[in-house]
Structure formats: structure tokens, C-alpha cells
Amino acid sequence: MAELGSKGVTAGKIASNVQKKLTRAQEKVLQKLGKADETKDEQFEQCVQNFNKQLSEGTRLQKDLRTYLASVKAMHEASKKLTECLQEVYEPDWPGRDDTNKIAENNDLLWTDFHQKLVDQALLTMDTYLGQFPDIKSRIAKRGRKLVDYDSARHHFEALQTAKKKDETKIAKAEEELVKAQKVFEEMNVDLQEELPSLWNSRVGFYVNTFQSIAGLEENFHKEMSKLNQNLHDVLLGLDKQYSGNAFPVKAQPRKKTKLFARLRKKMSSDSTPAKANKSPSPPPDGSPITSPETKTVNHELEPSTLEAPGASIPKSPSQTSLPAVVVETFPATVNGTVEGGASSERADMPPGFLFKVQAMHDYTATDSDELQLKAGDVVLVIPFENPEEQDEGWLMGVKESDWIQHKELDQCRGVFPENFTERVQ
């Protein structure tokens, strides 16, 4: 009997719920068609909009924080492998081996501690913060259903009151249902009206605490990591001093294009060589006057056919001739594909088109006539290539500051040099 009673109650409850859903659906249809008025609360609707916005922002922050933690873990693994590699290549008889092992151990512990504190002080706090949203979201939805029930009960009661044939019993029952529906709705409504604004305002403190925690943890982590890096630097410096004779040579990036000054000097030497006595240049086909090679203007793209006089002999090396004055078309200052400088950067005490200064960090022995010979400490004034197409990747054009101060001549002093042998100082 008890089981039958229980089943009867369950069946009755299911039937009641089905009836409620049908009534709500009918009420919503009437409201959408404009045949039934709907209770509105603009203030509450604004609170719901804020709630949805807050939930969306929190969900995104949680996702990005998890991505950040995954990156920290990946960086930890990469750093660990790097230090393990150093330990493997660091030979037992080298000074500082025990120190490198200790540094590697502390490095691993530091990364592990950083990741764990991020989880405890940021991610878990984030999870707790978002944990309150599902329940409130469910209550907001339930409040919406109860509002429909209230509107439906109100409309039913009003319809019975305005009917031509009134049934007092039905009216009394409808009024009782209306009061009950109104009470349930208002209780939920009042609670949410208090909680939603409070939750919305709490976001500020939560964001502040979360990002302050992350910033503080990062600051401490990088401070400690900086100490470890300094210790490693000192250990390697000691190793370098002991084996200073076996320093790894710095090499320049290979040049692939035609050497600018080698071409230029070759053409200039050809242009300045006198023609043989029994030969004279033929006039151009159009009958225009012959232009002496000494008075020709050299364009930025030089070819041998525009400069060599008939019968001229080419010298064996560029050093046998000097470069005549060259009129060159001005190009934008370009270094590694970037336009820099310009007229505004030129100064009276600097060469035309001056871009910036670099200082040689290593000696560089020139391997071609158009290259600068550098000693560590030399200051070079970087200038643009006359033709950007002549510039090889990893190479700059310049004149040593000492040569510029002494001669104030670019033609004899300028040259190309490898950028990786220098560092920018101005």
C-alpha cells in the first residue's frame, strides 16, 4: 500500500509539473502575441545583464589563467632540459661543476614553487569565485518561471472576475493561487535583487587580488631566478678565464651580393685611365657631343659600359687608383630593410645620412677591399647604402669615427662591416 501511495504521489507530481509547463508555455505565447501583459522589472533585467557579463569575463579569465599555467609548466620543462644539457657537457675537471649542479637543482625547485603558488593563490581562487555562478544562474531561471506563473495566475483571476457569469468558488480559488504564486515569486525576487548587485560589485576586489597575486609571484620568481642566473654567469666566467685561449670565434654572416666598392673602384679606375694616342672615341649615333670620361656623372647603378673609355686599361687592384667625386642619387636610409634617419638626423659634425653609432665588440679582419678593418672598441658611424640593393643581410655601411674626424672624407674611409661584431651605442 505504501508503494502504491508513493507511486500515486509521484504520478500526481509529474502530472502537476506537466500542467505547469503547459500553462507557462501558453502564457508566454500570449505575451509574445501581445494578448497578455507581462510584468517587467528593468532594474532586475539590468542586474541579469551584469551577471551574464561577469560570468563571461570570469570564464575567459579562468581559461586564460589555465593557459598561462600550462605555459609556465612548459617553460619549466624546457628550462630543466637546458640545465640538464649544461650538466652533461660540463666536464668533471672543469671549475664550478658542483656549483652548476646546485644551480640546476635550485632552478628546478624555483620553477616548481612558482607553478604551485600560482595554482594555490590564483587558479583555486578563480575556481571558488566562479563556483557561485551556477547556483545563482539556476535561481535566476527559476525566478523567471515563477514570474510567468504569477502572471498566469493574475490573468486567470482577472478573467474570472470580469466574466459575465461569475463563480465565486472559482474566483476564491484563483485568488488563493494568485496570492501563493505572488508570494513565491517575490521571495525569490527579493533575494536575487540583493545578491546580484553585491556579486557585481565584488568583481573589482576579486580582479585586484588575483592580478596582485600573480604580479607578486612573478616579481619574486624573477628576482630569485636573476640571482641564479648571476651565479651561473659567474661560474661560466671562471671557466672562460681558465680556458681563455680557446675562445669561440665570432664569425660574420657571409656576403652573397657583388661587393659594392670593388665594383665602384674598378669602374672609376677604368674611367680615369687615359685612352691610347691613336684611338679616339667615336661620336654617339645621334650626333651629340662626346662627353669626357672625367666629367661624367655616375648614377647609383653603375655599369662598365657607361664609364670605360675606348682602349682604357683596367688596373690590377683597386688600390692603384683613387675614387673621383661621385654624384649619387639619394636613397632613404635603410638598415636591414628599415627606413631610418633622414635629413632631420643629419648633423654638421656627422657624415651625410648619419643613422647611429655602433661600437666593435670583437676584432674583425677585412676580407675584401670594400670592408672596414675593426678593432674591439672602435666606434663606427653608420650611414645608409647608396643603393639599398647592394646591402647584404647582416651587414652595415659606415665610417670609423676616428677616420671621419681626421679626414672628413667618405669615399676613402667608408666600408661595410658585419653587424654581429658590434653593438649599438647611440
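D113 and K117 both sit in helix α3, four residues apart, or about one turn of the helix. Their side chains form a salt bridge, with 3.3 Å from N to O. The model is predicted, and a search of the whole structure finds 13 salt bridges. The points below cover helix α3 and several of these bridges.

**Helix α3**
- Helix α3 covers residues 97-131, which makes 35 residues.
- From its first C-alpha to its last, α3 reaches 50 Å, close to the 51 Å expected at 1.5 Å a residue.
- At V119, α3 bends by about 35 degrees.

**The D113 and K117 pair**
- An α-helix has 3.6 residues a turn, so residues three or four places apart point the same way.
- D113 is partly exposed, with a relative accessible area of 37%.
- K117 is also partly exposed, with a relative accessible area of 35%.

- R139 and D135 both lie in helix α4, which spans residues 133-162.
- These two residues, R139 and D135, are four residues apart, about one turn of the helix.
- A salt bridge joins the side chains of R139 and D135 at 3.7 Å, N to O.
- D135 is partly exposed, and its relative accessible area is 46%.
- E195 belongs with D135 and R139 to a network of salt bridges.

**A buried pair**
- The side chains of D411 and R414 meet in a salt bridge of 3.6 Å, N to O.
- D411 and R414 are both buried, whereas D113 is partly exposed and K117 is partly exposed.

Methods:
Residues are numbered from 1 along each chain as its sequence is written. This is a predicted model: local features need pLDDT of at least 70, side-chain atom pairs count only at pLDDT 80 or more; totals for chains, interfaces and linings use all residues. Side-chain values use heavy atoms; hydrogens and water are left out. The expected span of a helix is 1.5 Å times one less than its number of residues. The bend at a residue is the angle between axes fitted to the seven residues ending there and the seven starting there. A salt bridge is a side-chain nitrogen of Lys or Arg within 4 Å of a carboxyl oxygen of Asp or Glu. Buried means under 20% relative accessible area, exposed over 50%, partly exposed in between (1.4 Å probe, protein chains only).
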